[in-house]
Amino acid sequence: MDQPNNNPQPTETETRPEEGADGALFYSGFPISQQSRLENFMDYGSVLSNNLMEDAPIQMDSRNTDNTIVRDASCEKVVDSLLGKYFDTMEEAYDAYNHYAARRGFGIRKHFSARSRRNGEVIRKEYVCNKEGFKNVVPQTIDHKKRRRDARTGCQAKIEIGQKSGKWVVDKFSDEHNHPLTSPNKVLKHRSHCKYHKSIEGKKLIYDLHAAGLTPSQIMKAVNTLTGTLHEDITAKKCSEVLRTHKRNHVGKECLGIIKHFQEKSGRGDDFYFNVQIDNDGCLRNVFWADERSRTSYLKFGDVMVFDVTYRTNKFKMPFSPFVGVNHHRQSVLFGGALLDDETEETFVWLFEQFLKCMNFKPPQAIITDQDKAIRNAVKRVFPDARHRFCAWHIKKHVLEHIQPFRTRYKDFADTFYIWIKSKSPKEFEEGWKILNEKYKIGEKGWLPTMYKDRRYWVKCYLKNTFFAGMTTSGRSESIHSFFDGYVNATTPLNEFVVQYDKAVAARRKSEEDEDFSTLNSQPALITEHGIEKDAGRYYTRSIFQLFQREWHASLSLEHTKRQISDMLVSYFVGSDREQQTVEYDSEQQIVRCSCAKFETDGILCKHALYILKKKKIKNLPKNYLLYRWTIDARYHMAHKLVESEDAKASDHVVSAEEKWVARTMFHQIIRDADYSPSIFKEFIQTSKIFMVRLRGEREVTENALIVESSIQSQSTCEVSHVELEPTQVTILDPACDKVNKGRPKSASRIPSAIEKIKNYKCSECKRNGHNKTTCPEKKVGHVHHDDQISQLDSVINL
């Protein structure tokens, strides 16, 4: 009789670690992005495998082809040992019978319990085959939901245990089955034998993989890969059940978990800032947080900021609102995050005030948002000096929708409209509006008049003198949203959301470090040997130099026409046959200005200005055209160089918020590196004491202590957190789930504009639904040049 194969080889479709030519393990069936996460669990998997090998393999009965059971001699011994055997607990008896069932080829379940009438304790227990009895049959109706298949056959196999002398004894045993037993390679699929995902180590492994951002199906592959054939393969459904039970244990405690998580981070001394707002009922309304790395990044890259509220990925429908900027590699960088209860003006005012307080009262120079009225009013109240810009993506979508009626009535409206938007000066734009309004009878009400009143928020000629770091839309925020989609979903609890937020941010920062490494460990490929290009390659990061080099290469094929204005100031018309720009050059101060305003908006010299600098035989890139934020020196660990910024040198009599922040950052870095050189750290302590004595002396000789104290309080301070809550003392309730916000739906990346929504209009022209007469696709008017006009919008609105 052939012995069963208890260690079946994995099939081609199973995910198992395989060994490459270099001896390294790789995982089939996993995306490359997920394989790096699995490598972190290999040490855990090896320890787990060693522990599991201690268990002896289960020997099962063999089976002939006619499904008759061939009894093993060891099974007869197990029968003899079970009948009359004593156990200390009911659980031990269950495990012994379950072990026997695995050998024989069936599963078991708990069935009957008898309790004492005196004290209600269990005095008798019965364990039966999982096919015992019959399922209660409910008459099938039309509206009745689908029933499960019946797996019971009325099997009589069982054991009964009762108490005797303080222990449990097996006093009844039946091994008569009325069904075929399961083959050895499938017996572990019975529910009673699928225990690994319920064990402590199995749950921990599932929790850890889920915390790393893996989905249940990916967790299934990873667990089965790490455990191999030592345990039964788990399924994605089992992983989901474990995670669902884990989440259920935190129901009503999610917001409290957020506070606890934030307090742990702030207690580490890493300058973590957070603030929460609670309503009168004790429910969480809003929460804002930012770590030390985000706050430091804002000091360097916070001149331009994007704010968006179109992301909703939690069961409470609280919109996630990130503050996003762009770093020295033109990568998206997070300045902070918030979860909001609603999207009212007062909520945004509270959020912006907390952001300003967190960032040492340093407002952004420019901010990009959508056209939400509440956000616009809040920006005016909290950031009155910031240049506010509407998202060009939303503007373009609304333009396509609202000019359609005019395009239908007037054949030349579209051409006139796009020429008007391309106005090169505010005066030209305003004069063009008067002509447009009179010629096409636009009136004083409607979308176009409203957009004309808000022209300073979106028209190119009004935004020329403001630095936006090359951003025109809230797409930076949308890219952050898509990045978070790999870590969170619509069912993610709030306490788990903030943890996954940290993991997503850490992955984003790793990408920044990779770009830093690539820039520092490579040399730029120059087109020419000119000093300007060499300086750009020496100071700029790799991605910024590529943008600069594109302009530099384009400048090689330009021409110019000279126009003298004065002895020191010369004007040129620079360009090609297709387009020309006006460039002014001041030879005394070596200042070059171009009408395209690329340097003013993007921070990189345009091809027209570079052409003139070459013609003037300028050998090196002028320092005033080399923005520090685009250089490799702006990377994270160079934060101490912020002391040399213009804000820090603004006054010798006032300590700015930037100087306070840099000083504290330096002190924290010194404390973290103290163990590397105790002698240097002790020398630093002695020097610090001397400065503390001097500062205390200056404070004591101040004539009016009250005035000084009030002035210090009015100045910007470096606060870590305004929330000090003890979770054991304060109860914070979770918000209600039945609210509707303007946040992003579960299955969309943006809030659809009116043109994207399918309207239930009925066309009077073609009698079809989904559009009206003016937008009928069968009408030739207005649809001939539609594609060309869309491309015109892209070139006009997207600066």
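**Close-up views of a predicted model**

View 1. Gly105 sits in the loop that links helix H4 (90–104) to strand E6 (108–115). Helices (H or I, at least four residues) and strands (E, at least two) are DSSP runs, numbered from the N terminus. This is a predicted model: local features need pLDDT of at least 70, side-chain atom pairs count only at pLDDT 80 or more, and totals for chains, interfaces and linings use all residues. Residues are numbered from 1 along each chain as its sequence is written, and side-chain values use heavy atoms, with hydrogens and water left out. Gly105 has a relative accessible area of 2%, so it is buried. Buried means under 20% relative accessible area, exposed over 50%, and partly exposed in between (1.4 Å probe, protein chains only). Setting aside residues up to four places away in sequence, Gly105 touches Leu181, Thr182, Val187 and His190. Contact means heavy atoms within 4.5 Å. Gly105 and His190 are 85 residues apart along the chain, yet their C-alpha atoms are separated by 9.2 Å.

View 2. Strand E6 runs antiparallel to strand E7 (residues 122–129), and seven bridges join them. Two strands pair if DSSP finds at least two bridges between them. Ala114 stands opposite Arg124 in E7. Six residues lie between the two strands of this hairpin, where Gly120 takes a positive phi near 80 degrees.

**View 3. Ser165 between E8 and E9.** Ser165 lies in the loop between strand E8 (158–164) and strand E9 (167–174). Its phi is near 60 degrees, a positive value in a residue other than glycine. Ser165 is exposed, because its relative accessible area is 74%.

**View 4. Helices H5 and H6 packed together.** Helix H5 (residues 200–211) packs against helix H6 (residues 216–227) at an angle of about 135 degrees, with the axes 10 Å apart. Axes are lines fitted to C-alpha atoms, for helices over the stretch in contact, and angles run from 0 to 180 degrees between N-to-C directions. The two helices, H5 and H6, are therefore oblique to each other. Angles under 35 degrees count as roughly parallel, over 145 as roughly antiparallel, 65 to 115 as roughly perpendicular and the rest as oblique. On the H5 side, Leu205, Ile206, Leu209 and His210 meet Ile219, Ala222, Val223 and Leu226 in H6. An α-helix has 3.6 residues a turn, so residues three or four places apart point the same way.

View 5. Helix H10 (residues 345–358) has 14 residues. From first C-alpha to last, H10 reaches 20 Å, close to the 20 Å expected at 1.5 Å a residue. That expected span is 1.5 Å times one less than the number of residues. H10 is mostly covered, with 10 of its 14 residues buried. Among the buried ones are Phe348, Trp350, Phe352 and Phe355. Just after H10, Asn360 takes a positive phi of about 60 degrees. Phe361 lies in the loop between H10 and strand E15 (366–369). Phe361 also has a positive phi of about 60 degrees, although it is not a glycine. With a relative accessible area of 40%, Phe361 is partly exposed.

**View 6. Helix H12, enclosed.** Nine of the 11 residues of helix H12 (residues 392–402) are buried, so this helix is largely enclosed by the rest of the structure. The buried set includes Trp393, His394, Lys396 and Glu401.

**View 7. Glu515 in helix H18.** Glu515 belongs to helix H18 (residues 494–520). Its relative accessibility is 18%, so Glu515 counts as buried. Apart from neighbours within four places in sequence, Glu515 is in contact with His329, Gln331 and Arg542.

View 8. Four strands form an open sheet in the order E17-E18-E19-E20, with antiparallel pairing. At the edges are strand E17 (559–564) and strand E20 (591–594), each pairing on one side only. Neighbouring strands of this sheet are turned by 25 degrees against each other on average, direction ignored. E17 pairs with strand E18 (residues 569–575) over six bridges, in the antiparallel sense. The bridge partner of Thr561 is Phe573 in E18. Helix H22 (residues 607–615) lies across E17, E18, strand E19 (580–586) and E20, and runs at about 45 degrees to E19.
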